[in-house]
Every structure is written in structure tokens, then in C-alpha cells.
Amino acid sequence: MPKRIYDIFKDMVFILSGGFSTQTVLQKKIELRGGTVVVHFCDQVTHLISTPSGVSSRRFKKAVDAGVLILKEDWIIDSISADLRRLNQNMLSNNLSLQNG
């Protein structure tokens, strides 16, 4: 496995929801920065990254029900670009639709 760049996503477990054109690349970028990406929703999930098409998915509903933080793909990209966890307008509340965020 390649050496980690920065541990900006240390102790964070992500699940992806929606149609990501670069899902494999995004997963590798998260893992290189200390995060974990899982395929199935589990109790360890701390963040759901979703595209607008992911809002109607079972993963999205499970994340809302579990109180998991739901974020847009832009949040990951902004955080990676800055080498730190960004807290900005791209962060979504669990009760908002991605299309309104």
C-alpha cells in the first residue's frame, strides 16, 4: 500500500452513495489520507458522501436514521485540496436534500 499523505481522515469511516464517476479514485484518496471506505452500511460509519442521485438510496436513509453526517462529494475534494478537514457550506445537515444544499 502506498504511504499515507496526511491523516486528515483518520478515525473516519465513509460510505459512498450515488453515482460517482470516479468512485475508485475517490476511495483511494480517502484511504491515502487515513480514512476507511466501506461498501455496506455498518455501525462504524461516521460519514456518508452522496451525490444528488444518492438521496433516494437505502444508504442515505440508513445514514439519516443513524444520525450519520451526510456530505457532498465537494467536501471530500475541498478537504483533500487543502490537506485538512474543511467545514464549509458544502457540509449538509441530515434533514436537508442535496439539491437544496
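## Two nonpolar cores

A nonpolar core is a set of buried Ala, Val, Leu, Ile, Met, Phe, Trp, Tyr and Cys residues joined through side-chain atoms within 4.5 Å. Buried here means under 20% relative accessible area, while exposed means over 50% and partly exposed lies in between (1.4 Å probe, protein chains only). The model you see is predicted, so local features need pLDDT of at least 70 and side-chain atom pairs count only at pLDDT 80 or more, whereas totals for chains, interfaces and linings use all residues. Residues are numbered from 1 along each chain as its sequence is written, and side-chain values use heavy atoms, with hydrogens and water left out.

The largest nonpolar core has 14 residues, and those touching the most other members are Phe 9, Phe 14, Ile 30, Ile 49, Trp 75 and Ile 76. Two or more residues come from each of β1 (13-17), α1 and α3 (73-82). The biggest giver is α3, with three residues. There is also a second, separate core of eight residues, with Ile 15, Leu 48, Phe 60 and Val 68 among them.

## The overall layout

Let's step back to the whole chain. The protein has three helices and five strands, taken from DSSP runs (helices: H or I, at least four residues; strands: E, at least two) and numbered from the N terminus. Along the sequence they follow the pattern β-α-β-β-α-β-α-β. Of the 101 residues, 35% count as buried.

## One face of α3

Which residues of α3 are buried? They are Trp 75, Ile 76, Ser 79 and Ile 80. Viewed down the axis of α3, these buried residues fall within an arc of 125 degrees, so they line one face of the helix; the arc is that of the directions from the helix axis to the C-beta atoms. An α-helix has 3.6 residues a turn, so residues three or four places apart point the same way. Just after α3, Asp 83 takes a positive phi of about 60 degrees.

## A buried arginine

Arg 33 sits in the loop between α1 (23-32) and β2 (36-38). Arg 33 is buried but has no salt bridge, and the nearest side chain of opposite charge, Asp 83, is 4.4 Å away. A salt bridge would need a side-chain nitrogen of Lys or Arg within 4 Å of a carboxyl oxygen of Asp or Glu. For charge, Lys and Arg count as positive and Asp and Glu as negative, with His and the chain ends not counted.

The side chain of Arg 33 does reach the backbone oxygen of Lys 29, at 3.1 Å.

Methods:
A polar contact is a pair of N or O atoms within 3.5 Å; within protein, one must be able to donate a hydrogen and the other to accept it, and residues adjacent in sequence count only if both atoms are side-chain atoms.
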